[in-house]
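Thanks for making the time this morning.

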Amino acid sequence: MKTLQILFAISMVAWFLSEFLYKNILKSGEKDNKKDKSTLNLLWIAIPLSIVSAVAVSYVTRFPISDEVWIYYSGVVLIWIGIILRFIIIRSLGKYFTVDVTIKEDHKIKKEGFYKYLRHPSYAFSLLTSLGLGLYLNNWLSLALAFLIPFIAFSYRMNVEEKALIEQFGEEYLEYRRKTKKLIPFVY
């Protein structure tokens, strides 16, 4: 179990560092058309709040998801899958990825790779990391807090982002939206 705790701690540090670096390196430029409406600030409140509250609840309540050790390993695995796939998504967008909702001068709608099925794969994999945290904590209330708080914040951000994309691309984005799902391929 000690090894698992170390893996979890490393996972959490990697998650925090990756998000901290994204926030400080991948901001929009001066010439970019910012449409953020404080969604970045909301996310930087919601996600740490969800982590702290999920961990705190796991210490003061006992509502286990499973009595088996697999739950802890599955949580760590989902955390890492979320971190790695989010990184891949961010890299695939290149200069078009910014942490604040922004439309670049030569912006194009990405429709390949994960974007062939999902409009917001970066958020989907961030939520997968949150789900992993909830599973690792092995507490139904912690799982709800770890997942629902960021989900609500991301839902607001997706609405802001989609309005900006419709404003910029009109029917092209609406057609793309009809053919894809927000977060879960073929489902939602």
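Predicted model: local features only at pLDDT ≥ 70, side-chain atom pairs only at ≥ 80, totals over all residues.

Where is the place of phenylalanine 186? Phenylalanine 186 sits in the segment after helix 6 (171–179), where helices are DSSP runs of H or I with at least four residues, numbered from the N terminus. Residues are numbered from 1 along each chain as its sequence is written, and side-chain values use heavy atoms, with hydrogens and water left out.

Phenylalanine 186 is exposed, at a relative accessible area of 69%; buried means under 20%, exposed over 50%, and partly exposed in between, with a 1.4 Å probe and protein chains only. Leaving aside residues up to four places away in sequence, phenylalanine 186 touches Tyr117 and Lys181, contact being heavy atoms within 4.5 Å. From phenylalanine 186 to tyrosine 117 there are 69 residues in sequence, yet 7.4 Å in space, C-alpha to C-alpha.

Turning to helix 5 (residues 140–169), we find arginine 157 there, and this residue is buried, with a relative accessible area of 3%. With residues up to four places away in sequence again not counted, the contacts of arginine 157 include Asp36, Asp100 and Tyr123.

Finally, leucine 17 belongs to helix 1 (residues 2–25) and is partly exposed, its relative accessible area being 43%.

Terms used: Helix = DSSP H or I, 4+ residues; strand = E, 2+ residues; numbered from the N terminus.
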